[in-house]
Amino acid sequence: MANDDAAVLAAVGPRLRALRTRRGITLTALAATTGISLSTLSRLESGHRRPTLELLLPLARAYQVPLDDLVGAPPVGDPRVRLKPHARSGATIVPLTPYAGGGGLQAFKMLIPTTRSDPDLRSHAGSEWLYVLSGRLRLVLGEREVLLGEREAAQFDTSTPHWFGSTGAVPAEVLSVHVSPAAG
């Protein structure tokens with residue numbers, strides 16, 4: 001058991017460095033964000049400083065990840081996803097998978113209000129799959145517009161400028177699966 005704990009603790013530093021590097025954050029910027037000194041962060045990442053809760057909590061907040069992600073905690077056997085809804089662009093977003101960070105698959109349930117009806121096209125790397133649970137969804141892909149009803153799905157390359165929202169009649173409830181390319 002003690003060897004397992006030592007191995008988990010030894011992996012924290014490299015995990016922290018990889019996360020910071022993947023996100024393109026400098027040690028100086030991270031120190032300013034967390035209030036942890038530059039030398040402490042450097043020693044923590046190199047394994048010369050033992051991770052403590054007082055150091056890991058501000059890092060988890062800065063990276064917006066669960067503490068378990070920083071320490072690589074072993075699974076506890078409970079497969080339930082802890083749903084933590086948040087609002088973005090007028091929609092209620094419920095993550096159904098953990099944050100993918102540097103790439104991977106993420107699933108969301110979204111409730112899109114009738115007030116989200118003015119297109120604001122965006123593009124980014126990856127692909128998206130949408131499934132309408134209830135209501136109607138207005139999907140704009142470049143110059144093209146598609147209306148999706150209940151039990152209809154769409155899939156598209158997110159490098160195409162896109163936007164989706166309500167048709168304005170009733171809120172749309174949607175399942176979304178986004179796949180990002182791995183950071184490299």
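This note sets out points on the helices, the strands and selected residues of a predicted model.

1. Basis of the note. The structure is a predicted model, in which local features need pLDDT of at least 70 and side-chain atom pairs count only at pLDDT 80 or more, while totals for chains, interfaces and linings use all residues. Residues are numbered from 1 along each chain as its sequence is written, and side-chain values use heavy atoms, with hydrogens and water left out.

2. Helix H2. Helices are DSSP runs of H or I with at least four residues, strands are runs of E with at least two, and both are numbered from the N terminus. Helix H2 spans residues 27-34, and its buried residues are Leu27, Leu30, Ala31 and Thr34. Here buried means under 20% relative accessible area, exposed means over 50%, and partly exposed lies in between (1.4 Å probe, protein chains only). An α-helix has 3.6 residues a turn, so residues three or four places apart point the same way. Thr28, Ala32 and Thr33 are exposed on the face of H2 turned away from its buried side. Just after H2, glycine 35 has a positive phi of about 80 degrees.

3. Packing of H2 with H4. How do H2 and helix H4 (residues 53-63) pack? Their axes are 10 Å apart, at an angle of about 105 degrees. Axes are lines fitted to C-alpha atoms, for helices over the stretch in contact, and angles run from 0 to 180 degrees between N-to-C directions. H2 and H4 are therefore roughly perpendicular to each other; this term covers 65 to 115 degrees, whereas angles under 35 count as roughly parallel, those over 145 as roughly antiparallel, and the rest as oblique. From H2, the contact involves Leu30, Thr33 and Thr34, and from H4 it involves Pro58, Leu59, Ala62 and Tyr63. Contact means heavy atoms within 4.5 Å. In H4, the buried residues are Leu55, Leu56, Pro58, Leu59, Ala60 and Tyr63.

4. Glutamine 64. This residue follows H4 and lies in the loop between H4 and helix H5 (67-71). Is glutamine 64 buried or exposed? Glutamine 64 is exposed, with a relative accessible area of 68%.

5. Helix H3 and arginine 43. Helix H3 covers residues 38-46 and includes arginine 43. The buried residues of H3 are Thr40, Leu41, Leu44 and Glu45. These residues cover an arc of only 130 degrees around the axis, which puts them on the same side of H3. Arginine 43 counts as partly exposed, at 35% relative accessibility. Not counting residues up to four places away in sequence, arginine 43 touches His48 and Arg49. After H3 comes glycine 47, with a positive phi near 90 degrees.

6. Phenylalanine 108. Strand E3 (residues 104-112) contains phenylalanine 108. Phenylalanine 108 is buried, with a relative accessible area of 14%. Leaving aside neighbours within four places in sequence, phenylalanine 108 is in contact with Ile93, Val94, Pro95, Leu96, Val174, Leu175 and Ser176. Phenylalanine 108 and leucine 130 are 22 residues apart along the chain, and their C-alpha atoms are separated by 9.6 Å.

7. The sheet E6-E5-E8. These 3 strands form an open sheet in that order, with antiparallel pairing. Two strands pair if DSSP finds at least two bridges between them. Strand E6 (144-148) and strand E8 (162-166) are the edge strands, each pairing on one side only. Strand E5 (residues 137-141) is joined to E6 by 5 bridges. Leucine 139 has valine 146 in E6 as its bridge partner.

8. Strands E4 and E7. Strand E4 (residues 127-134) and E7 run antiparallel and are joined by 5 bridges. Glutamate 128 stands opposite phenylalanine 156 in E7. Strand E7 (residues 153-157) has a covered face with Ala154 and Phe156, and an uncovered face with Ala153, Gln155 and Asp157. In a regular strand the side chains alternate between the two faces of the sheet.

9. Arginine 151. The loop between E6 and E7 holds arginine 151. Phi of arginine 151 is near 65 degrees, a positive value in a residue other than glycine. Arginine 151 counts as exposed, at 65% relative accessibility.

Key. The arc is that of the directions from the helix axis to the C-beta atoms.
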